[in-house]
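The entries follow the order in which I checked them.

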Amino acid sequence: MAKDISVPFSYTKDGIYYFERRVPRDLQKHYSASKIAYSLRTRSSSVAASRATRAAQQLDEYWYHLRIKDSELPGKHLLRMQQNATKAPGSFLPSAHDDSATVSLSEAVAIYLRLKGQNRPVTFHRAAERACGYVIDVCGDKDLLGYSKADATRFRDALIERKLTGSSITRIFGTVRSVVNFAASEVGVNITNPFTGVYYDRQSGVKERAPLPVDVIKAVQRECMKIDDDLRWLVALISDTGLRLAEAAGLLREDLVVDADIPHVVVREHPWRRLKTCTSARVVPLTGMSLWAAGRVLEQEDDGRFAFARYNRRNETNANAASAALNKWMKPQVPERCTMHSFRHSMRDRLRAVECPSDIADQIGGWQSSGVGQSYGRGYPLRVLFSWMKRIAD
């Protein structure tokens, strides 16, 4: 990193200017980090100076309002939840002399996270606090028995006004329902959850993710071979395995096994990258470009543990950064609405095209299979999976 005194609050890395400013000590309670840093997306010192100055002015104005109007702090409900979470476990229980009392919604979140949030990723905690925080902002922090269907519909209308998609609203309502039901059960209160059965258009604003045509996949793979760097190895690995981006980005080098009779990748949970479902843990044969990519990763003279070190420099795999970088590179080369996740949709179609049985496809992709019988046994042997994967790679 290098400093350029002509550009305030900045440093340069690989020629790119980055904004950096420390959070004042008296305001650090409002932040999860001690400084704010992000790319200014320019190599020009004059452009960087303008953007950095504007950002600094915006922060100064916001910090001024934080100091004089703390009661109007956006996201104030999250601070209340953190305070409630420090209470003793039994302090959330209703008084024996007050049968009508349960707990407030912010206390319900603290109960939910204390009991269900152990060993769960930070995104799990944020989702619960954010979803219930929206309710508190719209309807107030009431006792669980104090919320009505009118509150739930008002909450729905507020989410629609924020122009959230139907799928986002569904996710938020699902989290709120879970928190309310769990906390009510914990304190022994029978409740008709008002956030159940609220109508809204679940398809509103939802854009279907499109699969990539096979000819486009081949074209992208050719570009990966031409550029031949770690980002393109990640794309190529996903293109012929159907791995989720986070699954691939969080791999260790030892998870890539290329010298076995059947080369394969082991998808398993790591402390820095959890798996989406229990069926996500699996072994996937390496064929076609995925085998090339795994070989290129292992050929590098690097004693680091990670297959893709740039996305594992902290204690959590930064799949969002990988998604942003790779989708930006792919955008000019693929049809509209196609992203890195489209490789996963395409994998399902490619397996269908060779008439692969659905339960084998489920095992390859780590998709949940229906039926009790699917949970028995250890699944298909690697050689069977390889025979089907080889068909789509040829």
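In which hand of crossing does α7 pass α8? I found a left-handed one. I note at the outset that this is a predicted model.

**Entry 1: α7 and α8.** I looked up the two ranges first: α7 covers residues 214-227 and α8 covers residues 230-239. Their axes lie 9 Å apart, and the packing angle is about 145°. Next I listed who meets whom. From α7 come Ile217, Val220, Gln221, Glu223, Cys224 and Ile227; from α8 come Arg232, Val235, Ala236 and Ser239. Sorted by class, this contact holds 6 nonpolar, 2 polar and 2 charged residues.

**Entry 2: the cores.** I then asked which residues touch the most other members of the largest nonpolar core. They are Leu234 and Phe343, in a core of 49 residues. The largest share of this core is 7 residues, contributed by α8. Beyond its neighbours within four places in sequence, Leu234 is in contact with Leu245, Ala248, Ala249, Phe308, Tyr311, Ala322 and Leu326. A separate core has 33 residues, including Leu144, Phe155, Val187 and Val198.

**Entry 3: α5 and α6.** I turned to Phe155 again, this time as one of the α5 residues that meet α6. Helix α5 spans residues 149-161, and its axis comes within 11 Å of the α6 axis. The two cross at roughly 145°, and the crossing is right-handed. On the α5 side I noted Ala152, Phe155, Arg156, Leu159 and Ile160; on the α6 side, Ile169, Ile172, Phe173 and Val176. By class I got 8 nonpolar, no polar and 1 charged residues.

**Entry 4: Thr175.** I stayed in α6, residues 166-186, where Thr175 lies. Is Thr175 buried or exposed? Thr175 counts as buried because its relative accessibility is 17%, and the cut-off for buried is under 20%. Setting aside neighbours within four places in sequence, I found Thr175 in contact with Ala127, Ala128 and Ala131.

**Entry 5: α4.** α4 runs over residues 122-139, 18 residues in number. From first C-alpha to last, α4 reaches 26 Å, close to the 26 Å expected at 1.5 Å a residue. What follows α4? I found Gly140 there, with a positive phi near 95°.

Definitions and conventions:
Residues are numbered from 1 along each chain as its sequence is written. This is a predicted model: local features need pLDDT of at least 70, side-chain atom pairs count only at pLDDT 80 or more; totals for chains, interfaces and linings use all residues. Side-chain values use heavy atoms; hydrogens and water are left out. Helices (H or I, at least four residues) and strands (E, at least two) are DSSP runs, numbered from the N terminus. The expected span of a helix is 1.5 Å times one less than its number of residues. Axes are lines fitted to C-alpha atoms, for helices over the stretch in contact, and angles run from 0 to 180 degrees between N-to-C directions. A crossing is left-handed if the near helix is turned anticlockwise from the far one by less than a right angle, and right-handed if clockwise. Contact means heavy atoms within 4.5 Å. Ala, Val, Leu, Ile, Met, Phe, Trp, Tyr, Cys and Pro count as nonpolar, Asp, Glu, Lys and Arg as charged, and the others, Gly among them, as polar. A nonpolar core is a set of buried Ala, Val, Leu, Ile, Met, Phe, Trp, Tyr and Cys residues joined through side-chain atoms within 4.5 Å. Buried means under 20% relative accessible area, exposed over 50%, partly exposed in between (1.4 Å probe, protein chains only).
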